[in-house]
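The entries follow the order in which I went through them.

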Amino acid sequence: MPEPDPTPPPPPPPAPAPAPTRRLTVAQALIAFLARQFTERDGERHRLIDAVWGIFGHGNVAGLGQALVEAGGAMRYVQGRNEQAMVHAAVGYARQSGRLSAQAVTTSIGPGATNLVTGAALATINRLPVLLLPGDTFATRPADPVLQQLEARAAGDVSVNDALRPVSAYFDRVTRPEALIPAALAAMRVLTDPAETGAVTLALPQDVQAEAYDWPAEFFAERTWRVRRQAPDPDELADAVRLVRAARRPLLVAGGGVRHSRAESALAAFADVTGIPVATTQAGKGALPYDHPCEVGGVGHTGTATADELARAADLVIGVGTRWSDFSTASATLFSDPAVRFLNINVTGFDAHKLAAHPLVGDARTALEALTDGIAAAGGHRVDPSYAAGYAEGKRRWEARVDAAFAADDDLAVPTQGQVVGALDALVTADDIVINAAGSLPGDLHKLWRARSLDQYHVEYGYSCMGYEIPAAIGVMTAASPGRPVWALVGDGTYLMNPTEIVTAVQQRLPLKLVVVQNHGYASIGGLSESVGAEGFGTAYRFRAGARAEGAFTGDPLPVDLAANAASLGMRVLRAKTVRDLREALAAAREADTPTCVYVETGTADTVSAVPPAQAWWDVPVAETAGRPAAVRAREAYDSNRANRRRHL
């Protein structure tokens, strides 16, 4: 039997020191976390969450409200007036920031949260990042129901915030403190992923917001999220090179992805080398300056005759950073050459495969540079000189039509809407930023505006949301270089939807330039109503005809004074009654250092200054059977146009 070892066993190793923690509420931890998130692209670092917009109620005042007080200068707070408008402002900020920086929006539960839905849809449709932090009902259910709780009889875990699920790129409900850690990290990943970004929602039950927890210190370490520039697949690139070199009538359509990628120089280099004409969607307008030899204007229903004629004859259509909406494709009637093929450059495979295209999945700048180099390595390619001369002549003819729409023979006449656009177009430089979203102005701007820089033209047309312009302008002004003039262009219908953030511009002393075009109704839908046989019904802001309440709205215009309303909210207002007044008022507004509104009532467009009509069709179904002649005629035209639709397979 062996002798026992007299040597005592070594002492056990000391227990590891407990990991450092911080005891904070969930709301305090979230704000501290957000303050330490950054993005990086091309060696440039940006703060990911620049500020939190908020309107406080019982669902967030004691949680996120208190946390923002606690954070002090670590997180900037901006006071909003309308929840939807706060999202619009954050979206404007994100677009101007190139999706490298975003803003958050916090609301109470109930109507404050549901008011976010429209803005969230706009953000996700336009692929723009915004972080939504709505309060939610109690996770612990101390009373059931509580104030503003939706009682879903078949699902106890449903709240009104679930309405945000289908319009969010990412959604989570943080029902326990420790669940915030994976939820917050996932939220940042989606916000910074060019292929996934949009509205990101973290629903925060009001009791959980105020609950304390011992957080690991690592949660609050600075994190830098690299915004990737995905390179294209070599085989897809080789296919793309062959397609471009084989094309004889190619057309490139630039979308918003060119802007988000900052790919304008790569696009210009590609166009310079190949001579391929470049048309633009609403989101892509400005990708090339209007005076670049290859730039041929907007494409689709609101496009130029030059671009649309090229689209109809194209044998190859190269889409760069576009999601191919029905306005861009003229409801699948525009690209009519029987042999037309598509090449889509897009950071998402989802969009790259649309129209049965040959995909080139990758970042717009990286892919364009690779395509340009690949064409050069294969022996180069340039369009035939006769093709280039043809689109140059088409562009010259269109510019003459733009000049006619802008022209005013009588400076003392009431201006048309085309002349309003023309007066502003003549005044601005590449520094100015023009913002619009809805009504008849987007169509006029897409056809007529001469974009001088990548970010001058800011028309939100993915959702075409009335009420976007004023709050978006505030977000843009926050992100843009100081001193850049920012214009919000709205019609009377849009103004009435959402003027409340004028107060925010006044409060923040932002020199917003607001142009209100008063045409006494929904001009765009009024024209559409006439074209589809609905005879303009319900689209004018007028009294009913006659004394009976059921009469048609064909009486005198309503005595609504929107200029007085803007003044009551704190703006300086300049009323322009003539073309001369308009020019003087716009010039004064541009130089103003306080929020300034130019208010103008427009007259009926005449044959000299009329904006050119649509150059391509848009599918709005017309009544298949009707007793009124206008609808019968409209249906005949509709059937004729829809016969030209095709599926590109």
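Predicted model: local features only at pLDDT ≥ 70, side-chain atom pairs only at ≥ 80, totals over all residues.

Residues are numbered from 1 along each chain as its sequence is written, and side-chain values use heavy atoms, with hydrogens and water left out.

Salt bridges. I looked up the partner of Arg-127 and found Asp-351, the two side chains meeting in a salt bridge at 2.8 Å, N to O, where the term requires a side-chain nitrogen of Lys or Arg within 4 Å of a carboxyl oxygen of Asp or Glu. This pair links distant parts of the chain, 224 residues apart, with Asp-351 in helix H13 (residues 349–352) and Arg-127 in the loop between helix H5 (117–125) and strand S7 (130–136); helices (H or I, at least four residues) and strands (E, at least two) are DSSP runs, numbered from the N terminus. Asp-351 counts as buried, at 4% relative accessibility. The structure holds 34 salt bridges.

I then turned to helix H14 (residues 364–377), where Arg-365 and Glu-369 sit 4 residues apart, about one turn of the helix. Between Arg-365 and Glu-369 the closest N and O atoms are 3.9 Å apart.

Cysteines. I noted 0 disulfides, the term meaning a pair of cysteine sulfur atoms within 2.5 Å. Cys-465 is buried at 7% relative accessibility, and Cys-597 is buried at 1%.

Cavities. I counted 3 cavities of 30 Å³ or more, a cavity being a set of points on a 1 Å grid over the protein atoms alone where a 1.4 Å probe fits but cannot get out, with lining residues having an atom within 4 Å of a point. The largest cavity has a volume of about 120 Å³, the volume being the space filled by probe spheres set on the points, which are joined across faces, edges and corners. Its lining has 17 residues, with Glu-295, Gly-297, Thr-304, Trp-398 and Glu-399 nearest the centre.

Notes:
Buried < 20%, exposed > 50% of the residue type's maximum accessible area, 1.4 Å probe, protein only. 1 Å grid on protein atoms, 1.4 Å probe; cavity = no way out; pocket = protein on both sides within 12 Å on 5 of 7 lines; lining within 4 Å.
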